[in-house]
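Please look over the sequence and the structure shown here before reading on. The briefing that follows goes through them by topic.

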Amino acid sequence: ERAAEEAAGRDYMRTLDEVKSKSKNRLVLASWDYESNITAYNEEKLLQLSLEIAEEEKESWKETMSYLWHEFEDQDLKRMFQKYSQLGTSALPEDLNQRLIQAVNNMQATYAKATICDYKDRTKCDLHVEPDVTDIFAKSEDPEELKHAWLEWHKAAGAASKGNFTEYVLMENEAAKLNGYDTVAEWWLSEYEMTNEDQFATLWNQVKPLYEQIHAYVRGRLRAKYGEDVVSKKGPIPAHLLGNIWAQTWNNIEKFTRPYPEKPDVDVTAALIAQNYTPLKMFQAADEFFKSLNLSGVPDLFWDRSIIEKPNDGRDLVCHASAWDFFDGEDFRIKQCTTLTSAFFKTTHHEMGHIQYYLQYKDLPVIYRAGANPGFHEAVGDVIALSVATPKHLRVVGLLEDGPDDLESNINQQFKMGLEKIVFLPFAYLLDLFRYSVFRGITAPRDYNCHFWQLRESLQGVEPPAPRTENDFDPAAKYHVSANVEYMRYYVSYIIQFQFHRALCQLAGEYTPNDPSQLLSNCDIYRSQAAGKALGNMLQMGSSKPWPEAMEVLTGQRNMDASGVLEYFAPLHEWLKMENERTGEFIGWEPSTVQYC
Ligand SMILES: C=C(C[SeH])C(=O)N1CCC[C@H]1C(=O)O
Ligand SMILES: [Zn+2]
């Protein structure tokens, strides 16, 4: 009867977990080999192993579905069976799975190998997105050089992948249907225990007023710098002038847009170089922060097997930063082409946050070794980085000399954080609104680029530096579109990380709501055992419970909302409204005059 069936199911789950641990370990090792060294041999090995494991998974899926797990009373056992009942892309017939794997591998390789020619020296054509194009956008203040780099990169990495992307959409949608979803959009939303994107729209409505204020202020400062012919009074901002090839964060233009330029700069990049930091030292600093919270340090294997600098042996590799769980409870790695910049100092904390999550849930069944939802995984490292980025913490670790702690300095600091966190929200939101509409067939291939730029203009208030046509495919110029990595996880992360930060800061005694002497943006949880314990308790849950339960363990709230973001940036929001009022800056943007549809 049922009790015997559940007992049998429990035994079966234990065995299946052992089998899964081994097959996932083999697959991740082959993926690591391919992404660390893109060769035909490594691609073929990954393809063959992927197809072999897909067949094994089809077999074990039949056995899994032979149990009456829908009736099980043990909710935890039922949750495990429910997760194993999702076969994923292994549900595809082998030939379609092969076409899918090849389409994504082709896009990844195109992106990794893409290069552009230097603006000044047109014979120098070996510039990759990391570090070269990234550096151009960090340093150049020449609109023509920025336009050249923008157009060349979007041609080399975007347009080139349109065919493979269309094939990938077909195959991935087929897999979605075989897993019981209408399209990939619903499959991705199910990861958040949602059936539509209404909650994401609600979050956007909460933060949009704040975004419009910082957008208007930045447009005004850019117009002052480049002139009205380059930056209009009321139109969208040209995407190539925002310090980032995707215009997703605008930190690199902070140096000439910050509210109080006469106040001392907080230039972490200069400090890292001046103090002979190395990539290794950056990783050790992040590791030390987690240990200060009485959380886990990384194992020795991590230092032996990670790749933390771009290899200089001329190989092709995926440079985009990533953290890896090899599902054997011991092997955890990061692959990152680190350079000595404040951006990479943050990325290092971001990636070490993934590793910390892996370490905290490594003893759970393999099926539960994931974030409570994908946004949780992206938030861990960023929460730590919110403390690290405070002038207070930077002084503790010697990366910033003493300076004023007055209102103007706080506004400058919040503005710097706003160029990373507020500005990012519409970008992350639109990237998957675009892909949802593609997966749902609302956006056909002949409309891809037009619909992408309609979203870029309406949500982000940016426009392309030159006319676009359907020979372009600008979305694939962003890594995650070429690599089939869902992106709403970052939108969720940039909302919930402030809810997490607020809770941790109160536990650390660093923040009291409505106490102006303790700004949330000045909180540093460094060395707080209470904060570390609460964070660890949430991370140890992995995906064993629905994400509202994990959220509640840390914050006492069961829902995600923008109250954390709005509380953190309240002083800046007030300042921006007053400043835009004072200068008469137009809030929002009128339609673009650039032809892109
Ligand atoms: C650092 C990573 C690897 Se998970 C990343 O892709 N991030 C972190 C911030 C947003 C997003 C991006 O670079 O687009
Ligand atoms: Zn991440």
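A crossing of two helices is called left-handed if the near helix is turned anticlockwise from the far one by less than a right angle, and right-handed if clockwise. By that rule, the crossing of α1 and α3 is left-handed, and the crossing of α1 and α2 is left-handed. This is a predicted model, in which local features need pLDDT of at least 70 and side-chain atom pairs count only at pLDDT 80 or more, whereas totals for chains, interfaces and linings use all residues. Residues are numbered from 1 along each chain as its sequence is written, chains are lettered from A and ligands numbered from 1 in the order in which they are written, and side-chain values use heavy atoms, with hydrogens and water left out.

**Helix packing**

- Helices and strands are DSSP runs numbered from the N terminus (H or I with at least four residues for helices, E with at least two for strands), and their axes are lines fitted to C-alpha atoms, for helices over the stretch in contact, with angles from 0 to 180 degrees between N-to-C directions.
- Angles under 35 degrees count as roughly parallel, over 145 as roughly antiparallel, 65 to 115 as roughly perpendicular and the rest as oblique.
- Helix α1 (residues 2-36) packs against helix α3 (residues 75-84) at an angle of about 50°, with the axes 11 Å apart, and the two are therefore oblique to each other.
- The contact (heavy atoms within 4.5 Å) is made on the α1 side by Glu6, Gly9, Arg10, Tyr12, Met13, Leu16, Asp17 and Lys20, and on the α3 side by Leu77, Met80, Phe81 and Tyr84.
- Sorted by class, this contact of α1 with α3 has seven nonpolar, one polar and four charged residues, where Ala, Val, Leu, Ile, Met, Phe, Trp, Tyr, Cys and Pro count as nonpolar, Asp, Glu, Lys and Arg as charged, and the others, Gly among them, as polar.
- Between α1 and α2 the packing angle is about 165°, with the axes 9 Å apart, which makes α1 roughly antiparallel to α2; the contact of α1 with α2 has eight nonpolar, six polar and nine charged residues.
- Helix α21 (residues 529-539) and helix α22 (residues 547-555) have axes that come within 9 Å and cross at roughly 170°, so α21 and α22 are roughly antiparallel to each other.
- Ala534, Leu535, Asn537 and Met538 of α21 meet Ala550, Val553 and Leu554 of α22 in this contact, and the residues of the contact of α21 with α22 divide into six nonpolar, one polar and no charged.

**Zinc site**

- The zinc ion (ligand 2) is coordinated by His350 (NE2), His354 (NE2) and Glu378 (OE), at 1.9 to 2.0 Å; donors are N, O and S atoms within 2.8 Å of the metal (3.2 Å for Na, K and Ca), and sites may look incomplete because water is not among the atoms.
- Along the chain, the donors of the zinc ion (ligand 2) follow the spacing H-x3-H-x23-E.
- Distant parts of the chain are linked here, with histidine 354 in helix α13 (residues 342-360) and glutamate 378 in helix α14 (residues 374-388), 24 residues apart.
- Histidine 354 and glutamate 378 are both buried, a term that means under 20% relative accessible area, with exposed over 50% and partly exposed in between (1.4 Å probe, protein chains only).

**Individual side chains**

- Arginine 219 is found in helix α9 (residues 198-226) and is buried, with a relative accessible area of 0%.
- Leaving aside neighbours within four places in sequence, the residues in contact with arginine 219 include Val231, Lys234, Ile237, Glu585, Phe586 and Trp589.
- Glutamine 413 lies in helix α16 (residues 407-421), counts as buried at 5% relative accessibility, and touches Val266, Ala389, Thr390 and Pro391, not counting residues up to four places away in sequence.
- Glutamine 48, in helix α2 (residues 40-65), is partly exposed, with a relative accessible area of 41%.

**Backbone features**

- The peptide bond from glutamate 130 to proline 131 is cis, with omega near 0°, and proline 131 is in helix α5 (residues 129-139).
- Asparagine 276 has a positive phi of about 55° although it is not a glycine; asparagine 276 is found in the loop between α10 (268-274) and α11 (279-292) and counts as exposed at 61% relative accessibility.
- Asparagine 484 also has a positive phi, near 55°, and lies in the loop between α19 (479-482) and α20 (488-507), where asparagine 484 is partly exposed, with a relative accessible area of 24%.
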